[in-house]
Amino acid sequence: DTLLRLAAVTRDPLDTLHEAGTVALHAVGDAALLRPILERILAFASARWTDLAATGAVSEEDLPRYALWAVEELVQLSLASEDPRSAEAMLERGAGLPFPPEKSRQLRYRAAELAADRLDDPTRAVELCRGILEEAPDDAATIALLAGIFAEEHRLPELLELRRRELSLHPETARRLFLRLDIARVIGEVG
């Protein structure tokens, strides 16, 4: 409580809020206290970081660290309270921050996994995967997740297109062989 009052009167409250969040997380173990602290950290860091990115200014080193910490902890709180939809939304929100492209893709990939595995929302998972593959066509984990969704949903024409696309990336010999065999199998199933 003292740390939160101090953060309220501090010009740059991130350090104090982070300390309050760390106390709530580790010392007190109170999720109800932790969630609003994390949301304040994320809101403050996100707004400032986004403003800096919009002006082309170099971001302060701590803003991405605080924002990512808040996103990760909020995702964990959501999963611990059996709310994977909030966790997925938080991952997407985090991916929208001006992180480097690789970090943004990692967050979107995790959101896609949640959409596919825990939310039974293959449509959203496919959208997220396609967005990742537009930026990184050779992302093996995303290709595997998307292929699994297409196979499970019996979306064979899309699976065939994905396999051909992956083959055009000139993977290693063993992977090429697997892809050619899978393409033949899918063509046989499509008829």
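The axes of α4 and α6 come within 13 Å and cross at roughly 5 degrees, where an axis is a line fitted to C-alpha atoms, for helices over the stretch in contact, and angles run from 0 to 180 degrees between N-to-C directions. That makes α4 roughly parallel to α6; angles under 35 degrees count as roughly parallel, over 145 as roughly antiparallel, 65 to 115 as roughly perpendicular and the rest as oblique. The contact (heavy atoms within 4.5 Å) is made by Leu-68, Glu-72, Val-75 and Leu-79 of α4 together with Lys-103, Leu-107, Arg-110 and Leu-114 of α6. By class, the residues of this contact of α4 with α6 are five nonpolar, no polar and three charged. In that division Ala, Val, Leu, Ile, Met, Phe, Trp, Tyr, Cys and Pro count as nonpolar, Asp, Glu, Lys and Arg as charged, and the others, Gly among them, as polar.

Please keep in mind that this is a predicted model, in which local features need pLDDT of at least 70 and side-chain atom pairs count only at pLDDT 80 or more, while totals for chains, interfaces and linings use all residues. Residues are numbered from 1 along each chain as its sequence is written, and side-chain values use heavy atoms, with hydrogens and water left out. Helices (H or I, at least four residues) are DSSP runs, numbered from the N terminus.

Helix α4 covers residues 62–80, and its 19 residues reach 27 Å from the first C-alpha to the last, close to the 27 Å expected at 1.5 Å a residue. The expected span is 1.5 Å times one less than the number of residues. Helix α2 (residues 14–28) has 15 residues that should span 21 Å at 1.5 Å a residue, and its end C-alpha atoms, 20 Å apart, agree with that.

α2 and α4 pack at an angle of about 25 degrees, with their axes 11 Å apart, and are therefore roughly parallel to each other. Their crossing is left-handed, meaning that the near helix is turned anticlockwise from the far one by less than a right angle. On the α2 side, the contact is made by Leu-14, Asp-15, His-18, Gly-21, Thr-22 and Leu-25, and on the α4 side by Asp-62, Leu-63, Tyr-66, Trp-69 and Glu-73. This contact of α2 with α4 has five nonpolar, three polar and three charged residues.

In α2 they are Leu-14, Thr-16, Leu-17, His-18, Ala-20, Gly-21 and Ala-24. In α4 they include Leu-63, Tyr-66, Trp-69, Glu-73 and Leu-77. An α-helix has 3.6 residues a turn, so residues three or four places apart point the same way.

**The α6 and α7 pair**

Helix α6 (residues 101–117) also packs against helix α7 (residues 122–135), at an angle of about 160 degrees and with the axes 8 Å apart. The two helices, α6 and α7, are therefore roughly antiparallel to each other. Among the residues that make the contact are Arg-105, Tyr-109 and Ala-112 of α6 and Ala-125, Leu-128 and Ile-132 of α7. The residues of the contact of α6 with α7 divide into 11 nonpolar, one polar and four charged. The crossing of α6 past α7 is left-handed.

**Residues with positive phi**

| Residue | Phi | Location |
|---|---|---|
| Gly-29 | near 65 degrees | follows α2 |
| Glu-82 | near 55 degrees | follows α4 |
| His-170 | about 60 degrees | loop between α9 and α10 (173–190) |

Glu-82 has its positive phi although it is not a glycine, and this residue lies in the loop between α4 and α5 (84–95). At 62% relative accessibility, Glu-82 counts as exposed. His-170 is likewise not a glycine, and at 66% relative accessibility His-170 counts as exposed.

Leu-42 lies in helix α3 (residues 31–55) and counts as buried at 1% relative accessibility. Not counting residues up to four places away in sequence, Leu-42 touches Ala-67, Ala-70, Val-71, Leu-74, Met-90, Arg-93 and Leu-97. Ala-67, Ala-70, Val-71 and Leu-74 are among the buried residues of α4.

Arg-163 has its place in helix α9 (residues 156–167) and is buried, with a relative accessible area of 8%. Beyond residues up to four places away in sequence, Arg-163 touches Ile-143, Ala-147, Arg-175, Phe-178, Leu-179, Asp-182 and Ile-183.

Methods: Buried < 20%, exposed > 50% of the residue type's maximum accessible area, 1.4 Å probe, protein only.
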